[in-house]
Amino acid sequence: MIYDFNDYNFHVWLVLLITVALIGLNLIVPKVRLNKINKLKKIEKN
Amino acid sequence: MLKVDNLSYAYTDKYLFENLNLSLDIKTITKVSGSNGSGKTTFLKNISGILQDYEGEILYLNKNIKDISSPNIFYAGHKNGFKDNLTVAENLKNDLRNPVFDLEKIKNFLSDFGCKVSFSTSIGNYSEGQKKKILLSLFASVKADLYVLDEPFSSLDDKGIDCLNEIFRQKTSEGSSIVFTSHENQGKSFQEINIDDFKND
Amino acid sequence: MNRAFNNLKTFYHKLGSSPWFYRISGITIPYVALLSFLFLTIGIVWGVFFSPTDFKQGDVYRIIYMHVPAASVSQSIYYTMTVAAVVSMIWRMKMAGIFIKSMAPIGASFTFLALISGSIWGQPTWGTWWIWDARLTSTLVLFIFYVAIISLYSSFSEKKSADQAVSILTLVGAVNLPIIKKSVDWWNTLHQPASIKFTESSSISPEMLYPLIISIFGFYLVVLLSGLMAMRAEIAKRETNKEWFKNY
Amino acid sequence: MTNLAKRIFYKELVSYRKRSSTYLSPIVFFLITIALYPLALSNDPADLSFLAPGITWICVLLSTLLSIQNIFNEDFEDGSLDIFFSLRVSTLPLVILKILVNWIFSSLPIIILSSTVVFLLFLPSEGLVILLTSLLIGTPVISLFGALAGALSLGKSSILGPAIVLPLSLPILILGTSAVTSFLNGENPSFYFLMMLAIFIFLLPLICYACIGALRLHYE
């Protein structure tokens with residue numbers, strides 16, 4: 001039902017895509033920031 | 001008169017100075033010395049109430065200075081508070097530290113400093129050295145119990161230095177005390193406190 | 001009673017300690033991640049792919065499973081930030097400042113999601129991407145508030161005072177948001193816009209409602225997760241030179 | 001105390017009088033923006049008279065923004081604020097008087113000016129009094145928000161001012177324009193005036209103390 005792209009199903013897919021992207025961004029950004037700091041910490045220790 | 005008890009001040013996490021103790025008597029002049037960036041100005045700002053997030057206690061006339069409303073302390077900082085587009089007279093007259101505006105008195109001090117200033121000219125037309133002398137004349141004409149001065153001797157000519165020393169002497173004989181910072185040697189013996197002694201690295 | 005209060009008090013003190021928070025959040029993050037992934041996938045997959053088609057709107061109504069949770073979350077985040085702002089101003093608790101700083105971008109992104117999903121939904125149902133209706137306008141204002149809070153951080157060099165400044169702004173914003181909402185409502189009735197109501201689905205069937213509730217729950221969990229992660233990163237950034245962090 | 005307040009007030013008056021740019025630039029900005037609307041939208045008197053309250057309000061809002069953002073900046077940079085804090089007196093009179101004098105010099109001239117300029121926008125003349133009243137009640141609230149934005153972003157010229165002031169000012173904008181349009185539609189505008197007044201009274205202490213807190217933050 002939702003798989004065909006007629007009607008306005010494209011809109012639903014678009015929103016789904018944006019949702020996943022935004023949630024992913026919110027999770028990846030802090031992860032990357034923390035990893036960066038931890039990497040620096042390791043370098044400093046050695 | 002002023003008692004500083006275990007004063008510490010930190011920017012973010014780094015302490016500028018720690019556990020600083022100082023006691024000021026009446027009719028004394030205290031010189032605060034220290035290397036560049038050691039916290040001389042910060043210390044003066046702590047005493048004069050501009051920076052209040054210090055640790056420790058500052059007592060004025062045996063009371064916590066934070067509980068005293070408008071103690072008779074005159075502060076003159078590195079920034080002089082003058083507005084360039086106002087005339088000299090307007091600047092001096094409207095200075096909030098100056099309860100009674102005495103033009104004659106200020107004029108006399110200015111001529112002692114060897115500084116020719118027209119009161120009706122915008123203060124922006126004068127050089128930093130001249131502004132300094134105007135500020136010091138204001139200081140000389142205002143009566144206060146304690147004067148807190150940041151670098152009063154810097155960028156002064158020889159005549160100015162002699163004149164300021166004379167004003168200092170006069171102020172103490174009138175019963176006031178003075179705290180000032182300087183990184184130069186005045187060749188005079190003041191009670192001295194070195195901020196560098198209160199570092200903990 | 002007294003003991004419960006004491007427990008609460010020690011918990012509050014622990015919350016204020018960044019090493020404790022860093023450690024505990026490190027332990028809880030995997031569980032929260034698992035739970036939020038579970039709820040989010042179940043809610044959205046059920047909603048988008050398996051729930052029945054709305055007989056009025058057709059399949060496009062399925063945007064509700066992203067839009068409504070995002071809108072709900074975006075407001076709740078501002079409320080929690082307000083509470084943190086009060087704590088930060090009264091007790092000067094530094095973790096409250098870290099909380100506000102970490103949550104503001106998350107709040108902004110979910111408000112953005114609510115706005116954009118609303119407008120994508122509006123295009124087929126109202127025939128236009130945007131209408132100046134009361135709810136959309138106040139969500140837009142909320143988004144601007146988040147952006148202002150985030151940009152205020154950049155104008156401070158000292159972390160400590162940045163936290164306080166942002167707390168002040170958050171509080172003033174919180175006091176004003178109801179006024180703004182109310183006035184936008186008046187303005188709306190005055191100008192009589194197109195009479196389309198968003199949530200006129202008063203007779204929403206259970207098959208549609210369950211995935212929505214699960215999805216809302218999933219959104220809250222994912223906010224919790226990204227909040228925890230952002231706070232950890234912020235703690236690490238601020239306390240890089242502290243002994244406890246070096247030895248962690 | 002009252003003596004000090006008088007001195008602060010006088011000092012502010014003198015320094016504003018001598019700094020003509022702070023009150024001239026909002027006036028120039030106001031005149032230009034008002035002239036832009038007919039050029040960009042329509043020169044039809046019927047259209048313009050319908051839009052006049054809103055256009056006037058937007059122009060007033062934007063032009064007051066020009067001067068209010070820098071309300072504390074000069075004092076911060078030249079050391080006047082240091083000197084004020086060294087007096088160890090309450091900061092409340094300073095904040096209130098600075099906002100008041102800023103309002104006198106930046107908002108009041110524009111309000112007076114708008115009484116003539118709105119006829120360029122064909123505002124029906126019976127609406128003029130209502131428009132001016134709404135501006136008189138509403139602009140102080142905008143000044144309050146502007147002062148808070150100025151205190152928060154002290155020492156930095158950024159786009160923060162508008163980002164803080166404009167969303168906060170929405171209710172005033174709505175109430176102010178609604179008062180005029182509802183009056184022109186034959187309704188009683190007093191409800192909107194009362195609401196604006198209530199917002200002002202409610203926010204005055206709140207924003208003043210927020211300003212004091214924000215100013216103090218730059219001395220930590």
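Where is Arg88(D) found? I looked this up before anything else, in what is a predicted model. Arg88(D) sits in the chain D loop between α5 (80–86) and α6 (92–117). I read its phi as near 55°, a positive value in a residue other than glycine. Most residues other than glycine have a negative phi. I then checked its surroundings: Arg88(D) has 20 C-beta neighbours inside 10 Å, and 20 or more is the cut-off, so Arg88(D) counts as buried.

I looked up a second residue of this kind. Asn62(B) also is a residue other than glycine with a positive phi, near 65°. I found it in the loop of chain B between β4 (55–60) and β5 (63–64). Is Asn62(B) buried or exposed? Asn62(B) has 7 other C-beta atoms within 10 Å, and the cut-off is 12 or fewer, so I noted it as exposed.

Confidence. I noted an ipTM of 0.84 and a pTM of 0.87 for the model. Chain D has a mean pLDDT of 90, with 98% of its residues at 70 or more.

Sheet of chain B. I traced an open sheet of five strands, in the order β6-β7-β8-β3-β9, with parallel pairing. Which strands stand at the edges? They are β6 (73–76) and β9 (191–194) of chain B; each has a single partner strand, so one side of each is without a neighbour in the sheet. On average, neighbouring strands are turned by 15° against each other, direction ignored. I followed one pair in detail: β3 (residues 29–33) and β8 (residues 177–181) of chain B are joined in the parallel sense over four bridges. Within this pair, I found Phe180(B) of β8(B) as the bridge partner of Lys31(B). I also noted helix α1 (residues 40–48) of chain B packing on the sheet, where it touches β3, β6, β7 (146–149) and β8 of chain B. The direction of α1 makes about 150° with that of β8(B).

Chain A. I counted one helix and zero strands in chain A. Of its 46 residues, 17% are buried.

Contacts between chains. Which two chains have the most contacts between them? Among the four pairs of chains that touch, it is chains A and C. I listed 23 residues of chain A in contact with 29 residues of chain C. On the chain C side, α2 (18–50), α4 (94–126) and α7 (206–238) each supply at least two residues. I sorted that side of chain C into 17 nonpolar, seven polar and five charged residues. Chain A makes no contact with chain B, and their closest C-alpha atoms are 19 Å apart. Nor does chain A contact chain D, where the closest C-alpha atoms lie 24 Å apart.

I turned next to chains B and D. Their contact takes 23 residues from chain B and 22 residues from chain D. The side of chain B that touches chain D has nine nonpolar, nine polar and five charged residues.

Core. I looked up the largest nonpolar core, which has 187 residues. Those with the most contacts inside it include Phe139(B), Leu169(C) and Leu152(D). The largest share of this core, 15 residues, comes from α4(C). What is Leu152(D) in contact with, leaving aside its neighbours within four places in sequence? I found Leu152(C), Ala165(C), Ile168(C) and Leu169(C) in chain C, and Ile164(D) and Ala214(D) in chain D.

Technical notes:
Residues are numbered from 1 along each chain as its sequence is written. Chains are lettered from A and ligands numbered from 1 in the order in which they are written. This is a predicted model: local features need pLDDT of at least 70, side-chain atom pairs count only at pLDDT 80 or more; totals for chains, interfaces and linings use all residues. Two residues are in contact if their C-beta atoms, placed from the backbone, lie within 7 Å. Ala, Val, Leu, Ile, Met, Phe, Trp, Tyr, Cys and Pro count as nonpolar, Asp, Glu, Lys and Arg as charged, and the others, Gly among them, as polar. pLDDT is the predictor's confidence in each residue, from 0 to 100. A nonpolar core is a set of buried Ala, Val, Leu, Ile, Met, Phe, Trp, Tyr and Cys residues joined through C-beta atoms within 7 Å. Two strands pair if DSSP finds at least two bridges between them. Axes are lines fitted to C-alpha atoms, for helices over the stretch in contact, and angles run from 0 to 180 degrees between N-to-C directions.
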